[in-house]
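Reader: I've just opened this one. Can you walk me through it?

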Amino acid sequence: MKKVLFIDRDGTLVIEPPVDYQLDSFEKLEFYPKVFRNLQFIREKLDFEFVMVTNQDGLGTDSFPEDTFWPVHNLVMKTFANEGITFDEVCIDRSFPEDNAPTRKPRTGMLTKYLNNPEYDLAGSFVIGDRYTDVQLAQNLGCKAILLQPDKSSLIEIDRGENKSQSLKDVCALATTDWNRVAEFLFAGERKAEVKRTTKETDIYISMDLDGSGKTNIATGLGFFDHMLEQIGKHGGIDLTIQVKGDLQVDEHHTIEDTALALGECLKKALGDKRGIERYGYSLPMDDCLCQVALDFGGRPWLVWDTEFHREKVGDMPTEMFLHFFKSLSDTALMNLNIKAEGTNEHHKIEGIFKALARSLKMAVRRDIYRYEIPSSKGCL
Ligand SMILES: [Mg+2]
């Protein structure tokens with residue numbers, strides 16, 4: 001079955017002109033940053049059909065004469081074609097918003113040939129656009145959306161007012177203003193994972209998105225531990241949810257140990273076959289302390305722990321559990337961890353270690369889709 005990328009023009013391939021939103025002169029023409037290299041890569045490496053879907057309000061009327069539209073549009077199309085980016089179909093709606101035309105995005109009047117057509121896999125297709133109406137179009141077509149906005153916040157507002165079975169937030173598979181991320185997402189897929197771990201001592205749920213924006217939702221029952229785990233998400237660019245009910249009436253041990261085991265397992269799952277990753281990472285930050293975390297996702301666990309703590313606890317976390325946390329994490333993530341830290345302030349020292357871990361993770365899990373190989377001479381990790 002054929003898959004399609006339904007691609008918006010203004011705000012997606014070219015910058016949408018401010019004020020009147022009309023691209024009607026060459027002075028207003030500016031291409032979207034990084035669009036050529038990535039769209040050409042997608043065209044060459046993946047088998048999507050390309051369909052341009054654009055609303056051009058009142059095209060052909062006095063408010064938007066044809067002879068101001070076509071010269072610029074033709075140059076846009078020619079420039080893309082010269083870079084190997086051709087469109088299988090170009091759909092332009094000329095109505096005004098108040099006409100409520102069935103052909104106007106987000107309605108599907110121009111795209112009926114793709115609907116209920118067994119030749120097309122719409123569930124595996126995407127709309128790429130910069131407005132919530134592009135996400136609504138995806139919803140109406142039964143495909144997913146890639147939104148060229150920094151985040152999904154505009155969709156959440158619309159969802160509140162609507163009463164549909166599927167929210168726009170869920171239709172939107174990715175929100176980014178970076179075409180590199182769009183190509184990476186379409187080519188290499190998501191890196192999300194979930195782990196549930198229940199024993200008589202702890203009940204743990206963890207979910208993560210390695211390509212997130214650092215959003216965290218963490219509650220382990222231990223305030224200081226939560227604060228440390230938040231560093232991993234925030235400084236690692238990882239969306240991280242960790243919910244733990246542990247036997248804190250006994251002590252902190254099982255809660256910390258089992259969270260580390262589940263976190264390592266989740267990391268391993270999210271990394272998949274590790275294709276294209278950088279693999280190694282290191283970092284050296286913070287205040288009076290020098291903290292270094294070097295790691296390798298080489299497939300074997302090992303921990304070197306070269307630091308000392310002189311207080312029994314930091315916050316509600318026993319310092320003897322620090323080593324135990326990193327040992328458990330490296331055991332289930334199957335990574336080497338080499339940690340060194342010196343300094344006087346114990347809070348700074350452990351926070352610096354967690355931050356250095358987060359930065360190391362961020363560097364090590366970064367993917368390069370132009371060198372999409374397993375980073376090992378063995379051929380597997
Ligand atoms: Mg647009």
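Reader: Which residues does Gly60 touch, leaving out those up to four places away in sequence?
Author: Gly60 touches Glu66 and Arg94. Keep in mind that this is a predicted model.

Reader: Where does Gly60 sit?
Author: Gly60 is in the loop between strand 2 (48–55) and helix 2 (66–82).

Reader: Is Gly60 buried or exposed, and why?
Author: Gly60 is exposed, because 11 other C-beta atoms lie within 10 Å. The cut-off for exposed is 12 or fewer.

Reader: What separates Gly60 from Asp258?
Author: Their C-alpha atoms are 66 Å apart. Along the chain, Gly60 and Asp258 are 198 residues apart.

Reader: Zooming out. What domains are there?
Author: The domain assignment gives domain 1 (3–187) and domain 2 (192–364). Their centres, taken over C-alpha atoms, are separated by 40 Å.

Reader: What does the C-alpha trace span, and how many helices and strands are there?
Author: The trace spans about 80 × 45 × 40 Å along its principal axes. The secondary structure comes to ten helices and 16 strands.

Reader: What share of the residues is buried?
Author: Buried residues make up 37% of the 381.

Reader: Now the strands. Which way do the residues of strand 4 point?
Author: Strand 4 covers residues 126–129. Phe126 and Ile128 point one way, Val127 and Gly129 the other way. All are buried. In a regular strand the side chains alternate between the two faces of the sheet.

Reader: What does strand 4 pair with?
Author: Strand 1 (residues 3–7) runs parallel to strand 4, joined by three bridges. There, Leu5 stands opposite Phe126. Strand 5 (residues 144–147) also pairs with strand 4 in the parallel sense, over four bridges. Val127 has Ala145 of strand 5 as its bridge partner.

Reader: New topic. What order do the strands take in the open sheet of four?
Author: The order is 7-8-10-9, with mixed pairing. Strand 7 (192–198) and strand 9 (216–219) are the edge strands, each pairing on one side only. On average, neighbouring strands are turned by 5° against each other, direction ignored.

Reader: Parallel or antiparallel for strand 7 and strand 8?
Author: Antiparallel, over seven bridges. Thr198 has Asp203 of strand 8 as its bridge partner.

Reader: Which helices pack on that sheet?
Author: Helix 7 does, touching strand 9 and strand 10. The direction of helix 7 makes about 160° with that of strand 9. Helix 8 packs there too, touching strand 7, strand 8 and strand 10. Helix 8 makes about 35° with the direction of strand 8.

Reader: And the largest nonpolar core? Which residues touch the most other members?
Author: The core has 50 residues, and Ile206, Ile232, Cys266, Val293, Ile353 and Leu357 touch the most other members. Several elements each supply at least two residues of this core, including strand 8 (202–209), helix 8 (253–271) and helix 10 (346–365). Another core lies apart from it, with 43 residues, among them Val51, Val53, Met110 and Leu141.

Reader: What is Ile206 in contact with, beyond four places in sequence?
Author: Ile206 is in contact with Val195, Thr241, Ile242, Ala262, Leu263 and Cys266.

Reader: Last one. How many residues of helix 10 are buried?
Author: 15 of its 20, so helix 10 is mostly covered. Helix 10 reaches 29 Å from its first C-alpha to its last, close to the 28 Å expected at 1.5 Å a residue.

Terms used. Residues are numbered from 1 along each chain as its sequence is written. This is a predicted model: local features need pLDDT of at least 70, side-chain atom pairs count only at pLDDT 80 or more; totals for chains, interfaces and linings use all residues. A nonpolar core is a set of buried Ala, Val, Leu, Ile, Met, Phe, Trp, Tyr and Cys residues joined through C-beta atoms within 7 Å. Two residues are in contact if their C-beta atoms, placed from the backbone, lie within 7 Å. The expected span of a helix is 1.5 Å times one less than its number of residues. Two strands pair if DSSP finds at least two bridges between them. Axes are lines fitted to C-alpha atoms, for helices over the stretch in contact, and angles run from 0 to 180 degrees between N-to-C directions. Domain bounds come from an automatic or database domain assignment.
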